[in-house]
Amino acid sequence: MKSLFFSFNRKMIAGALASIAFAILLYGCSSSSGNAETPPQAQALPVITLQSMPATTFREYTAALEGKVNVEIRAQVDGYLEKIYVDEGAYVKQGQPLFKINDRPYQEQLSNNSAALQAAKANQDKAALEVEKLTPLVQNNVISDVQLKTAQASLAAAKASVAQAQSQVGNANINVGFTVITAPVSGYVGRIPFKAGSLVGRGEAQALTVLSDVKDLYAYFSMSEIDFLQFKEEIAGNTIQEKIKALPQVDLVLADNSIYESKGKIETVEGQFDKTMGSISFRATFPNAGGVLRSGSTGKVRIPRQHTDALVVPAEATFELQDKVFVFAVGDSNKVTSKLITISGKSGGYLFVSEGVKAGERIVYTGLDRLRDGAVIAPQPITIDSLLKVKPL
């Protein structure tokens with residue numbers, strides 16, 4: 001009985017050990033198969049082949065806009081501001097009344113001077129009659145010529161008094177005219193700091209308002225010394241004025257990045273550089289018939305430059321690293337390599353490259369954030385022409 005019990009226990013232990021051994025074997029097999037490395041699959045990324053083509057690039061310069069005529073309106077006589085005929089921002093025509101200064105003191109002065117003129121004319125007439133009376137008496141030797149000469153001198157003095165009185169009347173008329181201030185040019189009224197009842201005059205430091213003629217607008221911008229040297233080299237002409245005339249029409253980029261509807265023309269350049277800024281100022285003129293542009297606003301003057309053979313790279317195909325621009329070039333084995341490029345200009349969403357890559361090379365178009373040097377990709381070719389159809393230069 002005891003031998004049978006030990007025999008049964010040995011069979012159970014042997015079976016348990018066999019089960020454990022089989023489980024270890026299975027675990028080992030599954031573990032070894034789980035640790036096996038699967039080679040990564042190459043990423044499928046769009047690739048474009050670079051090509052050269054005619055294109056237009058732009059150079060942009062920050063500009064300040066000013067009306068062609070900005071006139072400070074000031075009082076020419078002292079007095080209380082009686083009426084304000086216009087409101088701030090209103091458009092006025094040349095000769096239209098703007099302000100009225102109380103004219104009563106000047107009207108009284110005009111009346112006094114007019115009366116003095118009448119008195120002077122009466123004295124002149126009296127002196128003339130005296131000369132007429134004495135002339136025949138002297139001719140007939142009735143009296144000496146001394147009396148006639150005295151009368152003639154009195155007549156001359158009377159004429160001088162009349163001229164002086166006429167001048168005073170003229171000045172009084174001018175002062176009366178100055179009490180109504182009219183617009184010297186057509187344009188828009190600026191801020192009016194004074195109100196009716198304010199005391200104004202010639203000694204006032206602040207103008208009554210500023211009137212801006214914005215039918216044409218000036219855009220002032222500056223070029224650095226390097227840009228100016230490039231301008232002189234690239235533009236045809238023997239003199240600066242000839243080069244300016246040869247410049248194409250320019251665009252104005254407004255503050256919201258929209259393009260102003262009318263093109264402008266660069267007309268003048270200053271004679272010397274600003275020593276403090278190291279730049280030289282240009283002036284472009286833009287028509288403003290609709291009055292969209294106003295003095296004091298800002299924008300950018302955009303000068304176009306024509307390229308007959310430009311290497312075009314979409315901006316999406318580039319990435320920046322430490323202020324430098326790179327692309328991922330695709331080699332023969334479909335391995336990618338980052339390349340530093342030099343940008344000569346841009347237009348819309350495209351860059352024009354002068355160094356780093358050349359026509360015929362392939363670059364990755366999108367998905368650059370997932371790439372590293374040496375990575376292998378599965379190129380998906382797309383043409384630059386297809387991109388230009390969707391997003392033109």
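This is a predicted model: local features need pLDDT of at least 70, side-chain atom pairs count only at pLDDT 80 or more; totals for chains, interfaces and linings use all residues.
Buried residues are those with under 20% relative accessible area, exposed residues those with over 50%, and partly exposed residues those in between (1.4 Å probe, protein chains only). Residues are numbered from 1 along each chain as its sequence is written, and side-chain values use heavy atoms, with hydrogens and water left out.

The protein chain contains six helices and 20 strands, taken as DSSP runs numbered from the N terminus (helices: H or I, at least four residues; strands: E, at least two). Of its 393 residues, 33% count as buried. Contacts (heavy atoms within 4.5 Å) between residues at least 6 apart in sequence join, in 74% of cases, residues at least 24 apart.

Strands β3 (residues 79-84) and β5 (residues 97-101) are joined by three bridges, and Leu 81 stands opposite Ile 101 in β5.

The structure holds 13 salt bridges, each defined by a side-chain nitrogen of Lys or Arg within 4 Å of a carboxyl oxygen of Asp or Glu. Asp 251 and Lys 263 form one of them (2.5 Å, N to O). This pair links distant parts of the chain, with Asp 251 in strand β10 (residues 251-253) and Lys 263, 12 residues away, in the loop between β10 and β11 (265-269). Asp 251 is buried at 7% relative accessibility, while Lys 263 is partly exposed at 42%. Within helix α3 (residues 145-178), Lys 149 and Asp 145 are four residues apart and therefore separated by about one helical turn; their side chains meet in a salt bridge (3.9 Å, N to O).

Beyond its neighbours within four places in sequence, Leu 388 is in contact with Met 53, Tyr 350 and Leu 393. Lys 391 forms a salt bridge with Glu 316, the closest N and O atoms being 2.7 Å apart. Lys 391 lies in the segment after α6 and Glu 316 in the loop between β13 (298-314) and β14 (319-321), so the pair ties together parts 75 residues apart in sequence.

Terms used. Two strands pair if DSSP finds at least two bridges between them.
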